[in-house]
Amino acid sequence: MSIATNQEWKPKIIVFTCNWCTYAGADMAGFNHFEYPADVRIIRTPCSGRFDPIWVMRALNRGADGVLLSGCHPGDCHYGTGNYYNRRRQTIMKNMMQFMGIEPERFQTSWISGSEANKFQAVMIKLVDDIRRVGPNRKLRDAR
Amino acid sequence: MKVLSKTKLEAALNKLSESNEVFVPMQKKAQSGYYPWTSFVSGDEIMLEALNVYQSPKGAVLPQTEKMYQIKQGGMEIKIDKTFEDDHPTIIFGARGCDVKGILAMDEVFLTRGYEDSFYKARRSANTIIANACYEPGSNCFCNAMEVNAVDPAGADVILRDAGEAFVWEVKTEKGEAVTAIIADLLEEKEVQLPQSKPFNQKVDYSGVAEKLKTMFDHPLWDKLSASCINCGMCTFVCPSCYCFDIQVKMWGEEGYRFRAWDSCMFEEYSREAGGGNPRGASKERFRQRFLHKLEFFTERYGTPLCTGCGRCMIVCPTDVNIVRIIDAVKEAEVNA
Amino acid sequence: MPDKDHKCTCSEQPLVPKVVEVIDIIDRTPDVKSFFVRNVDGNGLPFQVAPGQCGMVSMPIGEAMISCTWQEEQEHLEFAIKRVGLLTDELHQIEIGQQIGVRGPYGNGFPVEACKGKDMVFIAGGIGLAPLRSFIKYCFKHREDYGKITILYGSRSQADLCFKEELFDLWPKESNTEVFVTIDNAEPDWNGHVGFVPAYLEELNPSSAGAVAVVCGPPIMIKFVLQSLEKMGYNDDQVITTLEMRMKCGIGKCGRCNIGSEFICLDGPVYYLRQLRDLPPEW
Amino acid sequence: MKEITSKLQEIATRLFNEGKIDVFLAWEKGEQEFQTKSYIAHSVDDVKNIIFNEYSIYNVSNALLKLRDGHEKIGIAVKGCDSRGVVRLLEDLQITRDRLYIIGIPCPGLKDPLAAARSFGGLGKKESDQGLAKKCLECIQPNPVIYDELVGPEQTPRQQGDRFAQVREIEQMSADERYKFWEDTLSTCIRCYACRQVCVACDCRTCIFDEMKPQWVGRETNTTDNMMYHLVKHAHMAGRCIECGECERVCPVGIPLMLLNRKLIKDVGELFGGTEAGLQYTEGAKPALSVFKENDPDNFQ
């Protein structure tokens, strides 16, 4: 993938969502025609408790420029406690990745409930702007 | 005799580096091994006077990871158009006899028995070995018991003999001539006093070990010897003659390459089969495979032991597994034939 | 092993595969398919095989050593592949026309000459019939060179029986040939024998006089069959078997398929029991 | 040290004779004084090989991983750091408490046998000092946290100054400087996995790096695969690392691995509080990332 100037480069962003809240929020956003940039690819998982930090590293390693993990707000997880575990795990992992020198914008986390379609749109737009500002990912990228 | 004075050493290395990649034993902060001379920066140190360095020069002919061929997949079509045989000229400058023997053992493996590995052959034929004669064995060295002549290492293209303020430059082969021609103007004709070679501290006698090991596969001593081993891969990666490799692939969608990387019989995944079974899954079995390969199997197949007596694995092993002690234990073990 | 000259016919770069095209795929059982490959430009084969030799089949995702079926007039190479791992999963999803990589031939193959004039007892389990099938077809092609042929084959279930057409129609019709098939546990529409291969072998008890037994199948089956053969009076020179080890290079270099100082991919995988006796018991 | 050795041998003999234990885990004398290694005594006449000298630095609790599937009763001699390893294994339910008879040894600070082996072997530069090992100079827990019997006088922690000084120093760097630091440090890694094999917190049956379906981390030794390996390996250490320093000690290329572990310990401590890994054994306790609190810090959007 040749990374020429900023205009031609299109960021590749992966968003992991939990099935019950954020994915429903994304559905709602689509349903209400809330526009958000197309550079985002959504992967649905059963719960934010399923998020594994190695996905983030693997995605950045294999060519993604940014990753977002988004699940239900603490307290209304469909399975009760999934997002609490997720919160601890990703908080530690974000610090760890930044300790290694990865730009903070590249690995973001959020809570989006099923009804917050506008928040979903806002988070997506902010995410893509952040990644555009930070530019293509060269750290942790698997050299060809 | 031809002599290269130590004051001209760096000049010689620079001259050789113009047309070759010269691997020199160096200490780079916490690490010591064979690194390209062009990567020398202030704070590094040339280790030609030291007994030896931690990592062996086998990386010059069998790099830790080596691309093999490129794969392009377009739906139904697969194209393998580019292979990465690398034959840029390299020189291993100042390898001790034990390391040279390690490379000779790998020559036997990769270049004989019906198949010539094209990647190894490309690197090895473009490689010249300048050995560094060894007159003062270290406290762990036992290369004399492993068919290695430390003072006159077989298979070396040029032999350096450290005579105090200069190296005697003894040419052995045509490759040696070619390298000598490059730095001919730096060599002088001088008579120098060669040092006396000192006795070995380790008293090792390898004779009869291979034959005896053939009858000791199920001997209880393996449990005792392998008790403390934690199966990391350190001994196999610092060893000058361990050559086992793994073949893996890296693909990005339609494009990628298959590469070769060092592997270690100590890793559990090394001989794990598709169905999940593993003939050598237990820690003891992997431990036994390593030392039987070093001391018996290689001798049976190629006529010379795979261990070259450099003593590196005895130093780095975190649980102090010691191949000399294993050889002694094998010799003393009574076997009901 | 002496310095045998296994010149690999495909190229001076033994580790680099030849690209071939899959011209036909036949479903043998729910998890075994036969793949027929030819050169991409349609004429000829990357290499010829002797009975019992294997080839390294490779796709971008990985490589695996698969036994290659011998035919008299070889206008294609056949690989019978069971779905067990990364590569075989992907192979079982390709269609006809897909290009794959192949290199070989590897391994020493069956001693077809040495067995001439003997009664043949073929004992196979599961996918182990694929390599033996080459030897069996070779025997039928040179029928007069071999005596009585007994084929004993067992698999987990009726659906898992490979090469059913040959087992039930073609081979029983051959002269002086008997075919016995068994499955591990009873099934409603199966009226054949039920039971494990070693037990059935002892039941049949083919005489060991002037006979050679060739065994191939899962290691556990080989272990018990060898014990049964010993009980039935087969000495070490009358038993031939193949060994299974993890293989990566296929040319006796990468070091992992060894048993003792033998590299199974290069000096094996076919051995007489006499040879195996002085190898370490890791097989 | 001498009296601790004789006490150890005396206890081991008593335990063997009373049939309370089947094996005894401790250290064994090597040929050279510094060649002390981990040792499994199987009977009372093995007891004479047991020693506790100034080189008995190996974390013996790691040897428990090899015995976790058996049922034999195990006597084990543990220093302060080793005892935290035992607590970790008990917390991870890898071994049951009733199988263990633990003899605690307050640790006076030991020397690094690998440093001694390097200078004895003569390869490479001679190690500078022959004093206490780095991990012992930074020791915060010399006294065992779990034991059935205690042998020897209490010791005081030797850690001076800010434990996380170097970690804070790296945190102050800019992102690119940090990346450059870790790129240079980790590119020297030869992927021998000794840091994983020697670690008592690494008790998975099949490690993610031996996983082939899918293969998460590549096997090349280029910078990115090395960084991925260390990032993933140490991510699993959050809330589990007992700061025994063995990974850094055994690394053949001298990578400062404890920096990564200390960063995790600092973060877990600051963010979630609670006792550090393995410092206190309470039945049914879980590591920091296997529990949660409603009011955990939350900087999510």
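Guide: What follows is a set of questions about the chains shown above, with each answer set against its definition.

Guide: This is a predicted model, in which local features need pLDDT of at least 70 and side-chain atom pairs count only at pLDDT 80 or more, while totals for chains, interfaces and linings use all residues. Residues are numbered from 1 along each chain as its sequence is written, and chains are lettered from A and ligands numbered from 1 in the order in which they are written.

Visitor: What makes up the secondary structure of chain C, and how are its elements counted?

Guide: Helices (H or I, at least four residues) and strands (E, at least two) are DSSP runs, numbered from the N terminus, and by that count chain C comes to six helices and 15 strands.

Visitor: How do you know what strand β1 of chain C pairs with over eight bridges?

Guide: Two strands pair if DSSP finds at least two bridges between them. Strand β1(C) and strand β2 (residues 32–39) of chain C have eight bridges in the antiparallel sense, so they count as paired. Within this pair, C:Glu21 stands opposite C:Arg38 in β2(C), and the two strands form a hairpin with two residues between them. Strand β1 (residues 18–29) of chain C is also joined by four bridges to strand β6 (residues 99–106) of chain C, again running antiparallel, and there C:Val20 stands opposite C:Ile100.

Visitor: Why is the radius of gyration of chain C said to agree with that of a compact globule?

Guide: The radius is taken over C-alpha atoms, and the globule rule is 2.2 Å times the number of residues to the power 0.38. For 283 residues a compact globule would have a radius near 19 Å, and chain C has 18 Å, which agrees. Along its principal axes, the C-alpha trace of chain C spans about 50 × 45 × 35 Å.

Visitor: What share of chain C is called buried?

Guide: A residue is buried if 20 or more other C-beta atoms lie within 10 Å of its own, exposed if 12 or fewer, and partly exposed in between, with C-beta atoms placed from the backbone. Buried residues make up 51% of the 283 residues in chain C, and in chain B they make up 47% of the 337 residues.

Visitor: What makes β6 and β12 of chain B edge strands?

Guide: These strands belong to an open sheet of four strands in the order β6-β5-β13-β12 (chain B), with antiparallel pairing. β6 (77–79) and β12 (245–252) of chain B each have a single partner strand, so one side of each is left without a neighbour in the sheet. Eight bridges join β12(B) to strand β13 (residues 255–262) of chain B, where B:Ile247 stands opposite B:Arg260.

Visitor: How many residues of chain D are in contact with chain B, and which element of chain D gives the most?

Guide: On the side of chain D there are 35 residues, in contact with 39 residues of chain B. The elements of chain D that give two or more residues to this side are β2 (37–41), α4 (113–121) and α8 (194–197), and α4(D) gives the most, with five residues.

Terms used: Contact = placed C-beta atoms within 7 Å.
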